[in-house]
Amino acid sequence: MSTRWLDETEMTAWVRLAAVLELLPGVLDSQLRRDAELTHYEYYVIAMLSEAPKRTLRMTALAQRTNATLPRLSHVVKRLEDRGLIERFPCPEDARATNARLTADGWKKIRATAPGHVATVREHVIDVLTPEQISQLADITGAILESVDPEGKLSEVYRR
């Protein structure tokens, strides 16, 4: 079996994508820590709850939407719970399950934090691209997502 090495154009595209994957999370995390005392993942968790019906999800559904293991999610939710942003309670439909709900303070936090986060996303991603490049980026990331998530585990999050 022979290796299909990357040509110069493919290598440039790959190295640039790898650099973005490495650097962008730090940019997003820095802004959120500075402005909201949240990590990017904590923000993501409360954002997913803010978009859910009644701002509530089963922990298993929240783990799926945030691509986390239940132990990792539980640890993060505990921190957010200690800060009064999330509350956990037994699922009324299934006593074996636990729900997470965004509290009123959590809703205030996401509403106060979202504008700065969106501004950072605009500054470093959206506004540096032309409208045509935005469409291309949506197509490109869609193709990559189909490859890395063929079962569509995160489809509710990224199929908009």
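How many salt bridges does the count come to in this structure? In the predicted model, the count comes to nine salt bridges, under a rule that asks for a side-chain nitrogen of Lys or Arg within 4 Å of a carboxyl oxygen of Asp or Glu. Side chains of opposite charge can pair when their charged atoms come close. A salt bridge is found between the side chains of Glu42 and Arg83, with a distance of 4.0 Å from N to O. Because Glu42 belongs to helix α2 whereas Arg83 sits in the loop between α4 and β2 (86-90), this pair ties together parts that lie 41 residues apart in sequence.

The protein chain as a whole contains seven helices and three strands, and its elements follow one another from the N terminus in the order α-α-β-α-α-β-β-α-α-α. Taken along the principal axes, the box filled by the C-alpha atoms of the protein chain is roughly 55 × 40 × 25 Å.

Sorted by class, the contact of α2 with α4 holds seven nonpolar and three charged residues, but no polar ones. The axes of helix α2 (residues 40-51) and helix α4 (residues 70-82) come within 11 Å and cross at roughly 85°, which means that α2 is roughly perpendicular to α4.

On the surface, a nonpolar patch is formed by Leu6, Met11, Trp14, Val15, Leu17, Leu21, Ile140, Ile144 and Val148, and these residues together have about 830 Å² of accessible area. At least two residues of the nonpolar patch are supplied by each of α1 (8-36) and α6 (131-148), and the largest share, five residues, comes from α1. Ile144, one of the residues in the patch, has its place in helix α6.

How values were computed:
Residues are numbered from 1 along each chain as its sequence is written. This is a predicted model: local features need pLDDT of at least 70, side-chain atom pairs count only at pLDDT 80 or more; totals for chains, interfaces and linings use all residues. Side-chain values use heavy atoms; hydrogens and water are left out. Axes are lines fitted to C-alpha atoms, for helices over the stretch in contact, and angles run from 0 to 180 degrees between N-to-C directions. Helices (H or I, at least four residues) and strands (E, at least two) are DSSP runs, numbered from the N terminus. Angles under 35 degrees count as roughly parallel, over 145 as roughly antiparallel, 65 to 115 as roughly perpendicular and the rest as oblique. Ala, Val, Leu, Ile, Met, Phe, Trp, Tyr, Cys and Pro count as nonpolar, Asp, Glu, Lys and Arg as charged, and the others, Gly among them, as polar. Patches are made of residues with over 30% relative accessible area and no salt bridge: like charges are joined within 9 Å, nonpolar side chains (Val, Leu, Ile, Met, Phe, Trp, Tyr) within 5 Å. Accessible areas come from the Shrake-Rupley method with a 1.4 Å probe; for residues, only the protein chains shown count as cover.
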